[in-house]
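User: Please work through the following model with me in questions and answers.

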Amino acid sequence: METLKTADRRTRQRVLESAITLLSERGLSGELLKDAARMAECSIDRARIFFQRDEDLVLALYARLAAELEARVAELPEGNLAERFREIMLAKLALVAPYRQALAALLATLLDPRHELGALGQHTEVIRNRVMGVFSAVVLGAQDRQKLKTDGLTRRLYGLHLVLMLLWTQDQTADSGATRAAIDLVGDLLSLSGRLSWLPNFKNSLAKLDEIAAPLVEPAPETRVNELSIRVLRRLFQHRRLQPGAGACAENPCEQCLALHLPKVRRFVGAGEPIHFLLPAFPAKSPNPKKVLGRLPDMAEELALGFLQRVCDEISELYPPGARITICSDGRVFSDLVGVSDEDVTDYGLEIDLLRRRLNLTSLAVFSMEDLFEIDDNEKMREQLRLHYAETLPSIEERIRAFEHHQMLFNGIQRFLFEDRVAIETGKSRTQVRNECKARTYLVIQRSDAWGRLLSDCFPAALRLSIHPQGPHSEKIGILLGEAEDTWLTPWHGVAVRTDGNFRLMRRHEAEALGARVVEHAGRPSYYQIGETS
């Protein structure tokens with residue numbers, strides 16, 4: 001369980017960020033831990049509380065790369081296995097490119113299963129399982145999956161991926177041409193494998209290959225742990241918030257829905273620990289008075305927090321160690337872009353924590369950007385986040401153009417920004433506000449993604465929840481925080497409306513148009529009531 005105090009977490013993060021900068025700039029040369037500590041303005045003794053040796057910093061880099069690869073799964077083509085394998089390998093090459101020198105220097109270590117950084121060693125098992133989840137998703141999403149003998153196929157693809165990465169570390173050709181040609185060759189062989197299955201001894205050869213790969217790459221998970229982990233995920237998925245077009249997965253999650261999350265849940269269940277979830281959420285109330293009752297949390301937030309606690313309680317019924325959710329407030333991440341003052345972010349966050357304590361929501365914890373940066377200037381905190389974790393705007397724009405699910409996210413965020421800004425900036429035309437909000441949306445996504453990467457560094461084993469509707473096979477699990485007609489509506493963009501004994505989320509002006517009246521609690525507006533109370 002995570003036990004780091006705020007000051008400790010800040011120090012650890014500074015050292016890690018410095019180490020990754022050094023790895024990308026000069027590879028694995030010199031004394032990485034000492035140099036990273038010096039760059040982070042931290043004593044070596046202090047740094048060694050979190051990272052004993054250079055190897056611990058490299059393991060943290062492995063975890064970051066695994067998280068980045070998981071995020072690429074949703075962008076894979078709906079093609080055959082060969083096409084999907086090619087694309088995920090090319091994505092891997094792009095991710096590791098900045099660290100080529102460091103990984104090449106580690107070649108002997110990577111090949112040594114006795115070393116803690118060995119690709120098939122015990123210390124890298126958690127990271128290996130995450131990447132295995134990626135290749136499981138590659139297989140399960142292939143259109144020709146039914147024609148292939150899929151038993152052990154994920155392990156074989158993972159093994160091929162390791163061979164290709166070892167080749168890449170030694171590839172001196174322009175733009176890693178030899179490695180790319182090898183990836184194409186493997187793709188061609190995968191395309192032929194279905195047609196070769198009739199050959200004598202073909203199946204026997206595959207079985208022998210799997211006998212070699214299985215004990216090295218992925219020992220079979222304990223049946224009880226695996227089955228319990230699947231039950232936990234299926235229970236959680238009853239609350240999933242999905243984008244349109246999820247099809248049968250909305251009612252009956254398929255194997256691919258589970259693929260990226262199952263290895264993480266198995267790790268917690270196997271260790272008998274509470275399953276840890278991260279939820280970037282509860283930033284601050286919308287500045288639009290037509291949507292919300294005020295600047296502080298109200299019944300909408302209270303209901304959402306209570307719901308999250310009940311989700312953890314449901315998991316406890318299946319798995320007694322239960323679950324815990326860390327709410328990672330992203331208000332400070334982009335408050336300047338959405339028209340919310342830093343003072344409002346602070347007050348809202350304090351009230352959320354008070355609510356959590358008053359309601360005795362013991363499975364919930366709160367976390368914010370201030371817990372990581374020893375900087376009083378909020379703008380400088382945002383700059384540090386951008387410097388170490390942000391993707392370039394052109395690459396974000398390209399991804400939004402290329403993938404429908406990214407376009408849907410962009411449209412949803414832009415709509416909320418426009419609703420807020422057009423109500424506040426009354427001196428501007430709607431067209432001008434819309435154009436300004438389009439530019440802001442790219443920046444919100446840039447910072448939101450950067451915040452997600454930072455959280456992945458801080459909590460590498462945790463599963464990621466999201467307030468936004470997600471695709472069924474995403475690395476994030478979208479989760480509902482309240483019943484609403486608009487699946488994008490959140491407690492901080494609406495009000496709680498009670499009718500016939502049940503609550504729903506609406507925008508304030510929608511509730512008032514229905515004749516709802518305000519109900520106060522503790523001297524503050526809390527929610528709307530339609531009709532008489534029972």
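Predicted model: local features only at pLDDT ≥ 70, side-chain atom pairs only at ≥ 80, totals over all residues.

User: Which residue takes a positive phi in the hairpin of β8 and β9?
Analyst: This hairpin has 2 residues between its strands. A phi near 55° is found there at A522.

User: Which residue of β9 stands opposite R498?
Analyst: R498 belongs to a region where β6 (residues 495–499) is joined to β7 (residues 502–506) by 5 bridges in an antiparallel arrangement, with R498 opposite F503 in β7. Strand β6 is also joined by 2 bridges to β9 (residues 524–529), this time in parallel. In β9, R498 faces Q529.

User: Which residue takes a positive phi in the hairpin of β6 and β7?
Analyst: Between these strands there are 2 residues. The positive phi, near 55°, belongs to D500.

User: How many of the 8 residues of helix α16 are buried?
Analyst: Buried means under 20% relative accessible area, exposed over 50%, and partly exposed in between (1.4 Å probe, protein chains only). The buried residues of α16 (residues 331–338) are G331, R332, V333, F334, S335, L337 and V338. Their cover includes β2 (323–329), α17 (342–358), α18 (378–389), α20 (404–424) and α21 (430–458). Helix α16 is largely enclosed by the rest of the structure because its buried residues number 7.

User: Is T154 buried or exposed?
Analyst: T154 lies in helix α9 (residues 153–170). Leaving aside residues up to four places away in sequence, T154 touches M132, F135, S136 and V139, a contact being heavy atoms within 4.5 Å. With a relative accessible area of 16%, T154 is buried.

User: Against which elements do the buried residues of α12 pack?
Analyst: In α12 (residues 223–237), the buried residues are V225, N226, L228, S229, V232, L233, L236 and F237. They pack against α13 (255–259), α14 (262–271), β1 (275–280), α15 (299–318), β4 (463–466) and β5 (477–478).

User: How far apart are the closest N and O atoms of D175 and R180?
Analyst: D175 is exposed, with a relative accessible area of 58%, whereas R180 at 32% is partly exposed. The two form a salt bridge, defined as a side-chain nitrogen of Lys or Arg within 4 Å of a carboxyl oxygen of Asp or Glu. Their closest N and O atoms are separated by 3.7 Å.

User: What is the N to O distance between the side chains of K428 and E436?
Analyst: Both residues are partly exposed, K428 at 31% relative accessible area and E436 at 24%. Their side chains meet in a salt bridge with an N to O distance of 3.0 Å.

User: How many salt bridges does a search of the whole structure find?
Analyst: One network of salt bridges links E68, R72, E75, E391, R399, D449 and R453. Elsewhere, E31 and K34 meet in a salt bridge at 3.7 Å, N to O. For the whole structure, the number of salt bridges found is 45.

How values were computed: Residues numbered from 1 in each chain as written. Heavy atoms only, no water. Pairing = 2+ DSSP bridges. Helix = DSSP H or I, 4+ residues; strand = E, 2+ residues; numbered from the N terminus. Expected span 1.5 Å × (residues − 1).
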